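Here is a short report on strand pairing, core packing and a helix pair. Keep the structure open while reading.

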Amino acid sequence: MTVFAARYSDGRSASVQIVAVRLGPDGLSVYPAENDGGNRSGLATWPYDAIVLIDGRHKRGPVRLTVSDDEDARLTVEFETAAFLKALYAVMPRVKKSHPIGRGIAASFAALIVAAGLFYAALVWMPPLAARVIPESWEARMGEQTAEGLASLFGRLHDGAGYCTNAAGQAVINGLTRTLARAADSPFAYRVRVLNIDMINAFAASGGHIVVFRGLIDSAEHPDEVAAVLAHEIAHVEEHHVTEAMVRAMGTQIVINAMLGGGGDTLAGFGHNLINTGYSREAERAADKRGLEILRAAGLRTHGMTRFFQRLKEAHGDTAAALGIFSTHPPTEERIRSAKEQIEDGNPALSGGQWQALKAICTD
Amino acid sequence: MASETMVAEPQPAERPATTRVVEPDEARLSYHGHKGRLAILAIVNLLLTILTLGLYRFWARTRFRIYFWGNIGFLGDRFEYTGRGLELFLGFLMTLPVIFVLGAAFYAVQFFILIPYGELYGFASLAALAVITYFLIGFATYRARRYRLSRTAWRGIRAAQTGSSIGYAFRWLGFFFLNILTLGLAAPLATVRLQRYAMNNTWFGDQQFETNYAAWELFRKYIWYWLFLLPTFGLTYVWYSARKFRYLARNTKLDQLTFSSRLKGGRLFRIFLGYGILVVIAAAPLGAAIGVYVFPVFQELKQSGAVPPDADPALLLLPVVLSMTPIAQAALAGSFVLYVLSLSIFAMVFYLEPLIRAATESIHVAVAQDFVTIQQSAQPAPRRGEGLADSFDLSGF
């Protein structure tokens with residue numbers, strides 16, 4: 001039977017002793033080195049199935065062992081490590097390892113599956129549910145906050161620009177909104193405001209708050225275009241798109257952050273943007289479709305949608321198309337196409353006088 | 001390794017009951033790391049972390065620690081890291097609610113204070129949140145240290161840390177502000193107080209570390225480095241770091257063990273410089289790809305007025321890249337991946353390991369010691385991992 005020299009610490013004090021190790025039938029026995037011949041009383045005997053390999057998987061460096069019923073004890077074989085490991089594996093082919101790598105891999109992949117489930121819930125399952133559960137009064141309050149916040153943000157950026165206050169113009173846009181909302185049979189009380197900023201844009205916050213930028217009204221050549229944009233935004237509100245997007249953004253952000261920890265902010269933001277972009281383009285398509293339905297139900301002409309997107313394309317040109325993949329709206333060309341297919345007759349949205357009043361909404 | 005130990009000569013009259021090793025009077029810490037093995041470990045860890053979308057990181061960190069701890073030797077025996085990846089993972093899960101509340105608070109301040117009540121209240125509350133966050137970072141740092149020490153063993157004897165994380169966090173926060181107010185002059189005071197708190201609460205077995213740090217002594221050394229900090233673009237701090245390390249080592253004691261270090265600033269500087277050069281080399285292909293493919297498109301976009309001149313380039317990057325030819329995309333993606341992968345491996349092999357090697361090998365220990373007097377402690381060890389420290393990405397390796 002081969003004897004190996006080793007260093008042994010009993011786990012009770014930080015001292016170490018030189019020992020002889022023998023791989024016997026009952027297990028690994030540790031003897032004081034100089035006791036080898038005579039006195040057979042050993043320091044310890046470790047059953048093979050209780051031995052745990054701490055170090056010794058690579059050729060350089062010592063082999064370190066402990067035993068599961070005395071976890072603080074350490075046995076270190078420094079010399080003839082290959083022969084020692086060979087002898088140990090000969091009697092115990094499956095020596096336990098202190099850090100089996102397979103366990104970490106299995107655990108992290110299991111966590112990945114759980115995280116994927118949570119992510120799916122946050123992405124697909126939670127947002128519509130939350131949008132249905134959140135009371136409409138909350139949505140209205142959130143929408144109010146968003147509308148006010150954006151007004152003050154743009155106000156700071158564009159020297160104090162605020163909401164337009166011309167009463168006659170406001171009455172016209174209120175009337176048009178009311179007509180469309182009634183046609184949509186929507187539960188929200190709509191509030192439309194025109195922000196005095198020269199940008200062709202409009203957005204819906206949750207709970208019936210709609211903001212139209214002055215640039216959009218200025219650039220409109222026909223009231224039907226404004227009606228089409230309003231119908232589109234009403235469709236967003238009615239289908240809780242904004243609330244859903246907020247819940248989705250929050251949920252997915254939480255899951256991504258939880259997975260990547262503190263270090264993955266850039267990556268998290270990137271993935272999150274990509275996902276939400278996809279969703280909001282879907283929402284825009286749905287709002288385009290529902291917007292046309294609303295216009296039709298209100299007895300209005302739908303060509304405004306076509307005309308407006310046509311001009312949006314002329315204004316922004318090809319760069320808008322280049323940026324399209326990342327933009328939240330579907331490519332303009334595509335929207336014109338789907339709106340063109342659905343042109344039909346109907347009433348003009350506003351009379352000539354009303355249109356003049358709306359155009360003057362930002363003049364006092 | 002073997003040369004550092006000696007077997008007691010058999011002296012019939014006073015022979016001990018066992019063949020206990022009699023330690024030499026003086027010893028150095030030794031480092032046995034191997035760049036090739038560390039590089040393989042780093043690559044495997046990186047691949048598994050990518051495959052699990054980041055979740056393997058707890059186990060990756062554990063394997064790095066097993067490697068580093070296990071390659072530091074003292075008196076013929078290696079240190080040992082006994083922690084497990086699962087502990088870090090569970091610790092992290094426990095702190096997710098804290099992170100969530102903190103994130104939600106930053107979000108809420110924007111919507112419910114900044115916008116309705118204006119910038120004064122908004123920024124005041126953001127500042128308050130930042131202070132809370134910084135406090136939590138101090139708290140987490142101390143907690144993480146407690147965990148790491150409890151999972152550190154030598155000859156089977158465990159290290160430990162006592163003291164209060166909250167107490168440490170308050171000091172941490174206080175010295176942070178003091179440092180800002182004094183333009184960094186208070187750094188030695190902060191170092192001495194925080195290190196003293198941490199080291200005086202550090203145990204090996206049943207023995208507690210003792211320190212003899214004095215802020216004034218460190219300050220007298222520091223003031224010269226501080227004076228030349230700006231003219232040398234902060235370079236003097238590298239030499240100060242070595243000096244500080246030597247000072248702290250010299251004034252630390254454990255039972256009958258006293259320490260000293262010969263760490264040289266020049267050695268640290270060579271490590272930083274070498275790593276810096278590697279970072280530049282790793283970034284060169286990416287820089288070239290951006291210069292050739294991305295930059296001209298950006299310029300064109302801005303000149304055509306399609307995007308505002310002050311547009312955030314980070315937001316434009318993806319749409320611009322997506323509108324490019326496949327060759328350009330491949331060049332960009334390839335160089336980016338090369339950069340990220342090589343950096344995370346270089347950071348281990350050419351930065352962290354050289355630093356650990358330099359620090360370890362610089363340490364001399366005077367061993368007027370019979371190690372039988374250091375006994376295993378009965379103090380319970382924390383059961384879960386570092387938690388918050390991972391969330392704040394503090395735990396390093």
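## The sheet in chain A

In this predicted model, strand β9(A) pairs with strand β11 (residues 209-213) of chain A in the parallel sense, over five bridges. One residue pair to look for is V194(A), whose bridge partner in β11(A) is V212(A). Helix α6(A) packs on the sheet and touches β9, β10 and β11 of chain A. The direction of α6(A) makes about 25° with that of β10(A).

The sheet is open and has three strands, in the order β9-β11-β10 (chain A). Its pairing is mixed. β9 (191-195) and β10 (202-204) of chain A stand at the edges with a single partner strand each, so one side of each has no neighbour in the sheet. From one strand to the next, the twist averages 15°.

## Nonpolar cores

The largest nonpolar core has 51 residues. L180(A), V212(A), A227(A), L230(A), A231(A) and I234(A) have the most contacts inside it. Helix α6 (residues 223-238) of chain A gives the most to this core: nine residues.

V212(A) touches V192(A), V194(A), A202(A), I217(A) and V229(A), leaving aside residues up to four places away in sequence. A second, separate core has 29 residues, including L53(B), A60(B), W69(B) and L88(B).

## A helix pair in chain B

Helix α5 (residues 165-181) and helix α6 (residues 187-200) of chain B have axes that come within 9 Å and cross at roughly 175°. α5(B) and α6(B) are therefore roughly antiparallel to each other.

On α5(B), the contact residues include W172(B), F175(B) and L178(B). On α6(B), they include A190(B), L194(B) and Y197(B). The residues of this contact divide into eight nonpolar, one polar and two charged.

Terms used. Residues are numbered from 1 along each chain as its sequence is written. Chains are lettered from A and ligands numbered from 1 in the order in which they are written. This is a predicted model: local features need pLDDT of at least 70, side-chain atom pairs count only at pLDDT 80 or more; totals for chains, interfaces and linings use all residues. Axes are lines fitted to C-alpha atoms, for helices over the stretch in contact, and angles run from 0 to 180 degrees between N-to-C directions. Helices (H or I, at least four residues) and strands (E, at least two) are DSSP runs, numbered from the N terminus. Angles under 35 degrees count as roughly parallel, over 145 as roughly antiparallel, 65 to 115 as roughly perpendicular and the rest as oblique. Two residues are in contact if their C-beta atoms, placed from the backbone, lie within 7 Å. Ala, Val, Leu, Ile, Met, Phe, Trp, Tyr, Cys and Pro count as nonpolar, Asp, Glu, Lys and Arg as charged, and the others, Gly among them, as polar. A nonpolar core is a set of buried Ala, Val, Leu, Ile, Met, Phe, Trp, Tyr and Cys residues joined through C-beta atoms within 7 Å. A residue is buried if 20 or more other C-beta atoms lie within 10 Å of its own, exposed if 12 or fewer, and partly exposed in between; C-beta atoms are placed from the backbone. Two strands pair if DSSP finds at least two bridges between them.
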